[in-house]
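Trainee: I would like to learn how to read the features of a model like this one. Please show me the structure, and then I will ask.

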Amino acid sequence: MTAHGTLDAAIARMTAIISESRHVVALVGAGLSAESGIPTYRGSGGVWTKFGEPTIDGWELFQEDPAAWWEAALNPEAQLTDFARAVEGAEPNAGHIAMAALEAEGKLAHVITQNIDGLHRRAGTTQLTEIHGNRSFVRCMNCGERSLLAQIKIRQLPPLCEACGGVLKNDTVMFGEPIPEPALRECYRQAALADAFLVIGTSAVVYPAADFPVMAKRRGVPLIEINPEETALTGIADVVARATAGEVLPALVERLRT
Ligand code: APR
């Protein structure tokens with residue numbers, strides 16, 4: 001946390017940039033949901049920082065035997081992990097609510113989120129690409145159709161798509177799994193349209209998500225970082241608010257209203 005004056009200056013500068021912009025895009029990471037009680041992965045307090053990265057073989061296991069994968073995923077034990085419990089009990093926080101207000105007031109054109117918790121939607125954000133999917137949804141591996149897990153009928157394992165009979169998978173994108181084409185296309189489109197880029201609560205080390213602000217920056221688009229810690233993009237950021245999203249975003253909304 002920098003001296004208050006510096007933070008104030010950063011919020012004033014981002015307010016000036018955003019008030020003159022016509023197509024602000026945000027890249028969001030786990031840090032935005034930290035204040036909703038959902039642990040981050042990296043950085044101080046991150047679960048991977050504490051316990052190391054888990055074996056990342058979900059995608060291989062699913063492709064080998066989707067029925068077995070579903071059997072394990074539907075096992076009540078799977079719902080008892082700390083992360084699953086944290087997401088189940090999470091509510092949108094002041095950061096999510098401020099981002100929904102920025103959209104409603106025409107100051108935020110699109111959110112690219114790496115978070116799978118669905119909290120942006122619940123806060124009211126509608127112009128949203130969930131690039132790593134949404135844990136409440138399933139996705140057909142054949143036609144790409146997304147539907148709510150709670151609404152599908154699981155008559156066998158793996159469950160099949162009502163529309164095309166394809167195998168259904170949870171919508172969360174696993175490591176090594178390709179990002180669904182429509183989501184990827186929209187992210188590149190937004191990166192090309194952006195005239196200001198907010199980078200909020202992400203360590204910016206996972207691709208292609210971390211590429212979108214860099215692509216915009218290459219076109220001379222100003223980058224605004226909101227994060228209590230340094231990230232992989234700090235070096236190219238035009239404005240750095242070294243504080244939490246829950247502190248900076250509501251202040252930004254207020255300043256833009258005056
Ligand atoms: N406000 C803003 N930023 C915060 C806050 C907060 N209250 N608390 C923590 N942060 C920052 C941390 O400093 C860190 O830079 O949020 C960032 C979280 O980084 P990661 O844990 O790496 O999360 P993320 O960048 O979203 O990870 C990207 O990697 O683990 C995979 O698929 C997973 O989508 C995830 C992707």
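Trainee: Which residues touch the most other members of the largest nonpolar core?

Mentor: In soluble globular proteins, nonpolar side chains tend to be buried together. A nonpolar core here is a set of buried Ala, Val, Leu, Ile, Met, Phe, Trp, Tyr and Cys residues joined through side-chain atoms within 4.5 Å. Buried means under 20% relative accessible area, exposed means over 50%, and partly exposed lies in between, with a 1.4 Å probe and protein chains only. In this structure the largest core has 31 residues, and Met99, Leu198, Ile200, Ile226 and Leu249 touch the most other members. At least two residues of this core come from each of α1 (4-19), β1 (24-28), α7 (94-104), β7 (196-200), β8 (223-226), β9 (239-241) and α11 (245-257). Leu27, Ala183, Ala204 and Ala209 are among the members of a second, separate core of 22 residues.

Trainee: On what basis are the numbers and features given?

Mentor: The model is predicted, and local features need pLDDT of at least 70, side-chain atom pairs count only at pLDDT 80 or more, while totals for chains, interfaces and linings use all residues. Residues are numbered from 1 along each chain as its sequence is written, and side-chain values use heavy atoms, with hydrogens and water left out.

Trainee: How many helices and strands are there in the protein?

Mentor: Helices (H or I, at least four residues) and strands (E, at least two) are DSSP runs, numbered from the N terminus. The protein has 11 helices and nine strands.

Trainee: What radius of gyration does the protein have?

Mentor: The radius is taken over C-alpha atoms, and the globule rule is 2.2 Å times the number of residues to the power 0.38. For 258 residues a compact globule would come out near 18 Å, and the protein has 19 Å, which agrees. Along the principal axes, the C-alpha atoms fill a box of roughly 60 × 35 × 30 Å. Of the 258 residues, 47% count as buried.

Trainee: What share of the contacts join residues at least 24 apart?

Mentor: Contact means heavy atoms within 4.5 Å. Among contacts between residues at least 6 apart in sequence, the share is 67%. Ile200 gives a case: leaving out residues up to four places away in sequence, Ile200 touches Ala26, Leu27, Val28, Gly29, Leu32, Met99, Ile226, Ala245 and Leu249.

Trainee: Which peptide bonds are cis?

Mentor: Omega is the angle to read. The bond from Leu157 to Pro158 is cis, with omega near -5°, and Pro158 lies in the loop between β5 (146-148) and β6 (168-170). The bond from Tyr207 to Pro208 is also cis, with omega near 5°; Pro208 lies in the loop between β7 and α10 (211-218).

Trainee: In that loop between β7 and α10, is Ala204 buried or exposed?

Mentor: Ala204 is buried because its relative accessible area is 3%. Its phi is near 55°, a positive value in a residue other than glycine. Val205 is in the loop between β7 and α10 too, but it counts as partly exposed because its relative accessibility is 44%. Not counting residues up to four places away in sequence, Val205 touches Arg42, Ala210 and Ala232.

Trainee: Which residues of α10 are buried, and what covers them?

Mentor: An α-helix has 3.6 residues a turn, so residues three or four places apart point the same way. In α10, Phe212, Pro213, Val214 and Ala216 are buried. Their cover includes β1, β2 (110-113), α9 (181-193), β7 and β8. After α10 comes Gly220, with a positive phi near 85°.

Trainee: Where is Asn115, and what does it contact?

Mentor: Asn115 is in the loop between β2 and α8 (119-123), and it counts as buried because its relative accessibility is 6%. Apart from neighbours within four places in sequence, Asn115 is in contact with Val28, Gly29, Ala30, Leu32, Ser33, His120 and Gly133.
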